[in-house]
Amino acid sequence: MESLGVGILGFGTVGSGVYEIFKSNSQIIEKRAGKRIEVKKILDVRDFSGHEAESLITNNFDDILNDPSINVVAEMMGGVEPAFSYAKKALEAGKSVVTSNKALVADRGAELIKTAKDNNVNFMFEASCGGTIPIIRPLNTSLTADNIIKIEGILNGTTNYILTKMTAEGRSFAEVLKDAQKLGYAEADPTADVEGYDACRKIAILSSIAFGGTVDYNDILTEGITKITHEDIEYAFEMGCVIKLIASSEFKEGGVCAKVTPCVISRNHPLSSVNNAFNAIFVKGDMSGETMYYGSGAGKLPTAAAVVGDIIDEVRNMGSFIPTSWDIDKKISVLSRDMASIRGFVRVLINNKVEAEKSIDHIFGKVAFIDAGFENEIGFVSGVETESTMSDKLSSLGQCSGVEKIINMIRMEE
Ligand code: HSE
C-alpha cells in the first residue's frame, strides 16, 4: 500500500497527541485514508533525548520542507510567527497544511487558504475551534444551503473549566487556573484564555466561514473572566443563573455584531450545563433552524484527534483543493457595539442605601434589585440598553449620591 508522510511542527501537548494517535490507531487510520500514513519528522527546538520519537526530531524546518516523502505538514506550534512563514512555505512547496493554531488562522487564514488554492493543496483547521468538535466541516459542507444568521457558544475550555470549578467547588480563580494548565487546556501564556482573546479568535474564524468573508478579530468586543468573583457567582445563583464566557456573532445588514464576554445565563439555558473543558456551539440558519455542536473543547487527545481527522481528509482528497465557504477576497465588517442591545447585572458599592437606590432609579429607571446577602452593596438588573448608553449610565451612577463605586457589570442573556 502507498505510504504518505507527515511532518509535525511543535511537539508540545497537541503535537505529541498527534504522534500518539498515529501510533495507537494506525490500522483504522490506514483503512480510512486508504493509504499508510507515517510521521516522518518532528520540528522542535527542545531536547527529546531518550524519547521514543527522538530519531524523528529536528530543529531545522528545512529538513521537513525539503523532504519529498512528507506530503502533509501538521502545525501545532501556536502563535503567528514562525508558524505563518512555515505554513506558507510548505503550501508553496505543494504540501498541505493542517493546524490547531487559532491565532494563525484568525490572523492569516485567508492568505493561507489562497496559497493552498493556488498550489492545489489544502489548508485545514478543524482543531482550531472547539477542540475535537466538528464545526468547521459542518459549516463548510452540511450547512451550505442556509444563510447563517447567528453563531453563539462556549469556545474556550480553560475559562469554562475555571468557571465550573469556581461555581461548583468554591475554589479560587488562581488555584483552578493552575489545574487547567496541568491538564493541558490552557495556552502557554494563559492570558489569551482568561482575557477572552482565544475565544475571540475562534468566533472570528467561525464567522468568516459562516458569513462568507474575513471577519477581523481585532474589531470584536472582548472581555475575559479575570474580574469574575465568588460574589458575582453567588448573585447569579440567587437569580437561578450561572456565569459563562459566551462568544457570539450575528449577521445584520452591513456586517456582524460580534462579542466575547462573561454572561449571566439562566440555568435552563442549554449552555448552562456545558461544564469543565467542554465547549458547545449553536448555529442558527434561515432554513435548518438551530443546530448545536458539543464536545471536548481542549486537551491533548481530543484536539489531536481533530488534527488527525484533517490529515486523513487531506490524504483522501490529495491533489485537489477542497472548497470552503470562507470567501477569501471579501471582508465583513464588525458593526458598532451600539447595533446590539444588552441587559446588565450591576453591582454597586454604596455608603447610603436609600440615597443609592434613589440614584439608581434616577439613572436607570425601573430595575430589579437582587439580594445575595452582601453588606454595603446593591445588585440590580437593568433594562435593555445599547453598549454605549450602558457605559454612560454606569459612569454617571459612579458619581451619584449614596454610591462609592461600580463594582462590576456583567451582561445578561437577552
Ligand atoms: N486554550 C484553549 C482552550 C485550547 O482552553 O480552549 C483549545 O483551543
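A salt bridge is a side-chain nitrogen of Lys or Arg within 4 Å of a carboxyl oxygen of Asp or Glu. By this rule, the count here comes to 25 salt bridges. The model in your viewer is a predicted one.

**Stop 1: Glu30 and Arg36**

Select Glu30 and Arg36 and show their side chains. They meet in a salt bridge, with 3.6 Å from N to O. Are these residues buried, exposed or something in between? Glu30 has 23% relative accessibility, so it counts as partly exposed. Arg36 is partly exposed too, with a relative accessible area of 34%.

**Stop 2: Asp313 and Arg137**

Next, select Asp313 and Arg137. The closest N and O atoms of this salt bridge are 3.2 Å apart. Now color helix 12 (residues 300–316), where Asp313 lies, and helix 6 (residues 136–142), which holds Arg137; the pair therefore ties together parts that are 176 residues apart in sequence. Buried means under 20% relative accessible area, so Asp313, with 18%, is buried.

**Stop 3: Arg411 and Glu223**

Move on to Arg411 and Glu223, whose side chains form a salt bridge (3.3 Å, N to O). Which parts of the chain does this pair link? Arg411 sits in strand 18 (residues 403–412), while Glu223 is in the loop between strand 9 (221–222) and helix 11 (230–238). These are distant parts of the chain, 188 residues apart. Arg411 counts as buried, at 5% relative accessibility, whereas Glu223 is partly exposed, with a relative accessible area of 30%.

**Stop 4: a network**

Salt bridges can also share partners, as you will find by selecting Lys165, Glu169, Arg171, Glu175 and Asp179: they are joined into one network.

**Stop 5: helix 5 and helix 10**

Two packed helices are described by the angle between their axes and the distance between the axes. Show helix 5 (residues 102–118) together with helix 10 (residues 197–210). Their axes come within 9 Å and cross at roughly 50°, and the two helices are therefore oblique to each other. The crossing is left-handed.

Which residues meet here? On the helix 5 side, pick Lys102, Ala103, Val105 and Ala106; on the helix 10 side, pick Asp198, Arg201, Lys202 and Ile205.

Technical notes:
Residues are numbered from 1 along each chain as its sequence is written. This is a predicted model: local features need pLDDT of at least 70, side-chain atom pairs count only at pLDDT 80 or more; totals for chains, interfaces and linings use all residues. Side-chain values use heavy atoms; hydrogens and water are left out. Axes are lines fitted to C-alpha atoms, for helices over the stretch in contact, and angles run from 0 to 180 degrees between N-to-C directions. Helices (H or I, at least four residues) and strands (E, at least two) are DSSP runs, numbered from the N terminus. Angles under 35 degrees count as roughly parallel, over 145 as roughly antiparallel, 65 to 115 as roughly perpendicular and the rest as oblique. A crossing is left-handed if the near helix is turned anticlockwise from the far one by less than a right angle, and right-handed if clockwise. Contact means heavy atoms within 4.5 Å. Buried means under 20% relative accessible area, exposed over 50%, partly exposed in between (1.4 Å probe, protein chains only).
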